[in-house]
Amino acid sequence: MDHPEFSVLLQKSILNSAQTGNVGKRSLLSRLVAERLKYPSESTYSLASKMASDAIANSTPRQLRILGLLSFLQELRWTGEPLSKNMYQEYLEKMLSPFSKTADDFNEKDLLHLEALSCITYQRGSERSLGVLLSMKNGRIEKDGDWEARFDEQEFNDSELGTWLNYLWNEALAGVYLTSVGSIIGKFVFDEITGIKTKDAEWS
């Protein structure tokens, strides 16, 4: 706790918190400092934390929600036995519905700004499949000597939630990847919005 690196993060976060009236940002900055204590100095997490403090302060609420959504899509998955297709659909609705306002006034400048803050990398024209990504999050089961996905892509795409997410994905999110900075913030935002405490990621 007395290490100069931690002192810098603490000072940054106190200053950043004092400069915003946004309660959500203050909560994220507070957790950032508390979580940093779990990791050694000069680790990837500790170095990224200092950048994350400034990124939180300089992001809009919508941009923070984008990071939370990306955290679920890219880094979180169901860890138990594969759910049935119906149960997995319900699971996706529970996890994604709190982010449904993310599409309001969404534009490419949000991504360019997050890229400038070192939260994401942005590759235009990516053809990454949302269906494959969501299917992999629920795992696969062996059936009659073959592997069957537990995800009804058509049913999801036809739903209001699926229409919304496909819009965001096709607009730009297919080509967006979280950095170490974005990963830290995104996890905190996801937990804050959903009320779910996700497991800590492995960091070096």
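This briefing walks through some helix contacts, a pocket and a few individual residues in the structure above. Keep in mind that the model is predicted. Two helix pairs come up, α1 with α2 and α4 with α5, and then there's the largest pocket, with about 560 Å³ of space in it.

**Helices α1 and α2**

- Start with helix α1, which covers residues 4-18; its axis comes within 9 Å of the axis of α2, and the two cross at roughly 170°.
- Angles over 145 degrees count as roughly antiparallel, and α1 and α2 are therefore roughly antiparallel to each other.
- On the α1 side, the contact is made by Glu5, Phe6, Leu9, Leu10, Ser13, Asn16 and Ser17.
- On the α2 side, the partners are Arg26, Leu29, Leu32, Val33 and Arg36.
- Sort the residues of this contact by class and you get 6 nonpolar, 3 polar and 3 charged.
- Ala34 is also found in helix α2, and with a relative accessible area of 44% it is partly exposed.
- If you look for Val8, its C-alpha atom is separated from that of Ala34 by 14 Å, and the two residues are 26 apart along the chain.

**Helices α4 and α5**

- Helix α4 takes in residues 61-75 and helix α5 takes in residues 85-96; they pack at an angle of about 150°, with their axes 11 Å apart.
- So α4 and α5 are roughly antiparallel to each other.
- From α4 come Leu69, Phe72 and Leu73, and they meet Tyr91, Leu92, Met95 and Leu96 in α5.
- What's in this contact by class? There are 7 nonpolar residues, no polar ones and no charged ones.

- Pro98 is found in the loop between α5 and α6, and at a relative accessible area of 34% it is partly exposed.
- Leu69, one of the α4 residues in the contact with α5, is 29 residues from Pro98 in sequence, while their C-alpha atoms are 9.3 Å apart in space.
- Leave aside the neighbours within four places in sequence, and Pro98 is in contact with Glu93, Ile193 and Thr194.

**The largest pocket**

- How many residues line the largest pocket? The lining has 25 residues, and Glu75, Leu76, Arg77, Thr198 and Lys199 are the ones that lie nearest the pocket's centre.
- Helix α10 provides the largest share of the lining, with 6 residues.
- By class, the lining divides into 13 nonpolar, 5 polar and 7 charged residues.

**Two loop residues with positive phi**

- Glu42 has a phi near 65°, a positive value in a residue other than glycine.
- You'll find Glu42 in the loop between α2 (23-36) and α3 (44-57).
- Is Glu42 buried or exposed? Its relative accessibility is 57%, so Glu42 counts as exposed.
- Ser118 isn't a glycine either, yet its phi is positive, at about 65°.
- Look for Ser118 in the loop between α6 (108-116) and β1 (120-122).
- With 31% relative accessibility, Ser118 counts as partly exposed.

Key
Residues numbered from 1 in each chain as written. Predicted model: local features only at pLDDT ≥ 70, side-chain atom pairs only at ≥ 80, totals over all residues. Heavy atoms only, no water. Axes fitted to C-alpha atoms, helices over the stretch in contact; angles between N-to-C directions. Helix = DSSP H or I, 4+ residues; strand = E, 2+ residues; numbered from the N terminus. Parallel < 35°, antiparallel > 145°, perpendicular 65-115°, else oblique. Contact = heavy atoms within 4.5 Å. Nonpolar A, V, L, I, M, F, W, Y, C, P; charged D, E, K, R; others polar. Buried < 20%, exposed > 50% of the residue type's maximum accessible area, 1.4 Å probe, protein only. 1 Å grid on protein atoms, 1.4 Å probe; cavity = no way out; pocket = protein on both sides within 12 Å on 5 of 7 lines; lining within 4 Å. Points joined across faces, edges and corners; volume = space filled by probe spheres on them.
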